[in-house]
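Have a look at the model first, then read on.

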Amino acid sequence: MADAALALDGSGRDDRARDLLGAFVRVRTPREAAQLALSGGTRLLPLLLAAAREVSGEAEWDLVHALRVAGVPGV
(Lines give C-alpha, C1' and ligand atoms only; values in the text may rest on other atoms or scores of the structure.)
Protein backbone atom coordinates (compact mmCIF):
# COMPACT_ATOMS: atom_id res chain seq x y z
CA MET A 1 0.00 0.00 0.00
CA ALA A 2 2.78 2.41 0.94
CA ASP A 3 4.70 1.67 -2.25
CA ALA A 4 1.62 2.21 -4.41
CA ALA A 5 0.78 5.52 -2.73
CA LEU A 6 4.36 6.74 -3.05
CA ALA A 7 4.50 5.70 -6.71
CA LEU A 8 1.30 7.62 -7.43
CA ASP A 9 2.63 10.65 -5.59
CA GLY A 10 5.97 10.41 -7.39
CA SER A 11 4.25 10.42 -10.75
CA GLY A 12 2.37 13.62 -9.96
CA ARG A 13 -0.88 11.92 -9.01
CA ASP A 14 -0.95 12.99 -5.37
CA ASP A 15 -4.76 13.22 -5.50
CA ARG A 16 -4.92 9.51 -6.38
CA ALA A 17 -2.41 8.71 -3.63
CA ARG A 18 -4.64 10.50 -1.11
CA ASP A 19 -7.69 8.64 -2.46
CA LEU A 20 -5.92 5.32 -1.99
CA LEU A 21 -4.76 6.24 1.50
CA GLY A 22 -8.20 7.62 2.34
CA ALA A 23 -9.72 4.24 1.50
CA PHE A 24 -7.12 2.61 3.75
CA VAL A 25 -7.98 4.99 6.61
CA ARG A 26 -11.69 4.20 6.20
CA VAL A 27 -11.34 0.42 6.39
CA ARG A 28 -8.35 -0.08 8.69
CA THR A 29 -7.72 0.87 12.29
CA PRO A 30 -5.70 3.95 13.23
CA ARG A 31 -3.04 1.60 14.61
CA GLU A 32 -2.74 -0.11 11.22
CA ALA A 33 -2.46 3.29 9.54
CA ALA A 34 0.32 4.22 11.97
CA GLN A 35 2.15 1.01 11.06
CA LEU A 36 1.78 1.92 7.40
CA ALA A 37 3.30 5.33 8.14
CA LEU A 38 6.27 3.64 9.80
CA SER A 39 6.85 1.48 6.74
CA GLY A 40 6.52 4.33 4.25
CA GLY A 41 9.14 6.73 5.49
CA THR A 42 8.90 10.49 5.71
CA ARG A 43 7.29 10.99 2.27
CA LEU A 44 4.22 8.95 3.20
CA LEU A 45 3.38 10.67 6.49
CA PRO A 46 2.06 13.97 5.05
CA LEU A 47 0.04 12.09 2.42
CA LEU A 48 -1.48 9.84 5.05
CA LEU A 49 -2.36 12.76 7.31
CA ALA A 50 -3.94 14.66 4.39
CA ALA A 51 -5.96 11.59 3.46
CA ALA A 52 -7.21 11.16 7.02
CA ARG A 53 -8.12 14.87 7.16
CA GLU A 54 -10.18 14.46 3.98
CA VAL A 55 -12.02 11.50 5.53
CA SER A 56 -12.97 13.42 8.69
CA GLY A 57 -11.59 15.44 11.56
CA GLU A 58 -12.11 12.46 13.83
CA ALA A 59 -10.16 10.17 11.50
CA GLU A 60 -7.29 12.66 11.47
CA TRP A 61 -7.29 12.98 15.27
CA ASP A 62 -7.38 9.19 15.70
CA LEU A 63 -4.49 8.80 13.30
CA VAL A 64 -2.40 11.50 14.98
CA HIS A 65 -2.98 9.83 18.34
CA ALA A 66 -2.00 6.42 16.94
CA LEU A 67 1.10 7.92 15.33
CA ARG A 68 2.19 9.47 18.62
CA VAL A 69 1.60 6.23 20.53
CA ALA A 70 3.61 4.34 17.91
CA GLY A 71 6.43 6.86 18.24
CA VAL A 72 6.36 7.97 14.62
CA PRO A 73 8.76 10.91 14.28
CA GLY A 74 7.43 14.19 12.91
CA VAL A 75 4.00 14.07 14.50
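Is the crossing of H1 and H2 left-handed or right-handed? The crossing of H1 and H2 is left-handed, meaning the near helix is turned anticlockwise from the far one by less than a right angle. Keep in mind that this is a predicted model: local features need pLDDT of at least 70, side-chain atom pairs count only at pLDDT 80 or more, and totals for chains, interfaces and linings use all residues. Residues are numbered from 1 along each chain as its sequence is written, and side-chain values use heavy atoms, with hydrogens and water left out.

**H1 against H2**
- H1 covers residues 2-10 and H2 covers residues 14-27, and they pack at about 160° with axes 7 Å apart (helices are DSSP runs of H or I, at least four residues, numbered from the N terminus; axes are lines fitted to C-alpha atoms over the stretch in contact, and angles run from 0 to 180 degrees between N-to-C directions).
- H1 and H2 are therefore roughly antiparallel (an angle over 145 degrees).
- On the H1 side, Ala-4, Ala-5, Leu-8 and Asp-9 make the contact (heavy atoms within 4.5 Å).
- H2 answers with Asp-14, Arg-16, Ala-17, Leu-20 and Leu-21.

**H1 against H3**
- The axes of H1 and H3 cross at roughly 25° and come within 9 Å.
- That's why H1 and H3 are roughly parallel (under 35 degrees).
- This crossing of H1 and H3 is left-handed too.

- Leaving out residues up to four places away in sequence, Leu-44 touches Ala-2, Ala-5, Leu-6, Leu-21, Leu-36 and Ala-37.

Key:
Helices (H or I, at least four residues) and strands (E, at least two) are DSSP runs, numbered from the N terminus. Angles under 35 degrees count as roughly parallel, over 145 as roughly antiparallel, 65 to 115 as roughly perpendicular and the rest as oblique.
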